[in-house]
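Student: Hi! Could you walk me through the side-chain packing and pairing in this one?
Tutor: Happy to, let's look at it together.

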Amino acid sequence: MQKKASRRRSTTCRPNKRKLLHLPRQIQKRRKFLEEGLTPLVEKYWFQRYDLFSRYDEGIKMDEQGWYSVTPEKIAITHAKRCENATVIDCFAGVGGNAIQFASMCYHVVAIEIDPLKVDMAINNAKIYGVEDYIDFIVGDFFQLAPSLKGDIVFLSPPWGGPSYKWVKIFILDLLKPKDGYEIFQAAQAITPNIIMFLPRNVDLHQVEELCWLSSPPLQVEIEKNYVRSNLKGVTVYFGGTAASSQCGSS
C-alpha cells in the first residue's frame, strides 16, 4: 500500500494586506515629521497637531515645550466661552493657544510670556487666526508684572513640569512651575477674583478646592474635566464670576 502524502500547512508568514496598504501613508507622515525638524519627544503630539491648532498647516509655529504644553484648541474654545466681552490676562501664554481663542470672543487680551522666542511664535500664530490686533503680547515675568496689571479675568495655565507629570499618581499644586499653585493663585487674586486655572488631569482636587478659601469671603468654584476625542486631557477650575453657582467646599 502506498502511503498518502500528508499535507502540511505552510508556515510562511504572510504580510497583513491591510497594514501594507497603510504603510506608504505612515512613511509619508514620518517623513513630513522629520522634515519639520521635530524631536522624538514631540512625535506623539505631532500626530495630534490638528487638535492643538486646527489651522496648523497654514504656518503654525511651536517649540518643543509648546508642543506638549499648548492647550488643545477645543478646550481653549471652552475657556474662551466663559470670558465673552471681558479683558483677559493670560499669564503664561506660551505659543498662544489660549490667547488666540480668548481674542476671538473677548474685548481684549493681555498675553504674558517670559520667553521671547515663544512670544514671536504666538504672534505668528495669532496672525494666522486673524486676531493679532486684539492681543497685547508682553515679554516678561508675570510675578513682576502682576501688581501693575488690570483685567476682568485672569487665566492661569502654568507649566506642569513637562510630559512626566502624567506618571505622578496625584499631581499636587507644589509641582507647578515656576512657583507652587498657591503662590500663583494669590498673585492672580491680587488682580481679580475671577480666575480660570487649567491643570493636569491627575491634579489633587481637594487642594484645588482649598484655593477658594484664600479669599474672604470664599470664592465660588466650579471644576470641569476636559476631553478631546474621549481622552481626558486636563481639568479646568473656574473661580469667582467665571464659575457656576457652586459654593466653595460644595462642589
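Tutor: A term to start with: a nonpolar core is a set of buried Ala, Val, Leu, Ile, Met, Phe, Trp, Tyr and Cys residues joined through side-chain atoms within 4.5 Å. Keep in mind that this is a predicted model.

Student: Thanks! How many residues does the largest nonpolar core have?
Tutor: The largest core has 71 residues. Those with the most contacts inside it are F53, M62, W67, F142, L156, M197 and F239.

Student: And which strand gives the largest share of this core?
Tutor: That is strand β5, residues 195–199, which contributes five residues.

Student: What is M197 in contact with, leaving aside neighbours within four places in sequence?
Tutor: M197 touches L156, L176, F185, L211, V235, T236, V237 and F239. Two of these partners, L156 and F239, are also listed among the residues with the most contacts inside the core.

Student: Switching to rings: how many aromatic pairs are there in the whole structure?
Tutor: The search finds 12 aromatic pairs. One of them joins Y50 and Y56, with ring centres 6.3 Å apart and planes at 85 degrees, so this pair is edge-to-face.

Student: Why is the W160 and Y165 pair called edge-to-face?
Tutor: Planes over 60 degrees apart count as edge-to-face. The planes of W160 and Y165 are at 75 degrees, with ring centres 5.1 Å apart, so the pair gets that label. Both W160 and Y165 are buried.

Student: Back to Y50 and Y56, which residue do ring pairs link with them into a cluster?
Tutor: That would be W67.

Student: Nice. Which charged groups sit over rings?
Tutor: Here are two. The charged end of R55 sits over the ring of Y129, 5.3 Å from its centre. K179 lies over the face of F143, at 4.4 Å from the ring centre.

Student: Now salt bridges. How many does the structure hold?
Tutor: It holds six. In one of them, the side chains of R82 and E222 meet, at 2.9 Å from N to O.

Student: Where do R82 and E222 lie?
Tutor: R82 is in the loop between α5 (73–81) and β1 (87–90), while E222 is in strand β6 (residues 221–228), so the bridge ties together parts that are 140 residues apart in sequence. R82 is partly exposed, with a relative accessible area of 28%, whereas E222 counts as buried at 16%.

Student: What other salt bridge does R82 make?
Tutor: R82 also meets E224, at 3.9 Å from N to O. E224 is in strand β6 too, so this pair ties together parts that are 142 residues apart in sequence. At 18% relative accessibility, E224 counts as buried.

Student: Last one: which residues are linked with K118 in a network of salt bridges?
Tutor: D63 and D115 are linked with K118 in that network. The closest N and O atoms of K118 and D115 are 3.2 Å apart. K118 itself counts as buried, at 6% relative accessibility.

Notes:
Residues numbered from 1 in each chain as written. Predicted model: local features only at pLDDT ≥ 70, side-chain atom pairs only at ≥ 80, totals over all residues. Heavy atoms only, no water. Phe/Tyr/Trp six-rings, centres within 6.5 Å; stacked < 30°, edge-to-face > 60°. Buried < 20%, exposed > 50% of the residue type's maximum accessible area, 1.4 Å probe, protein only. Lys NZ or Arg CZ within 6 Å of the ring centre and 35° of its normal. Salt bridge = Lys/Arg side-chain N within 4 Å of Asp/Glu carboxyl O. Helix = DSSP H or I, 4+ residues; strand = E, 2+ residues; numbered from the N terminus. Contact = heavy atoms within 4.5 Å.
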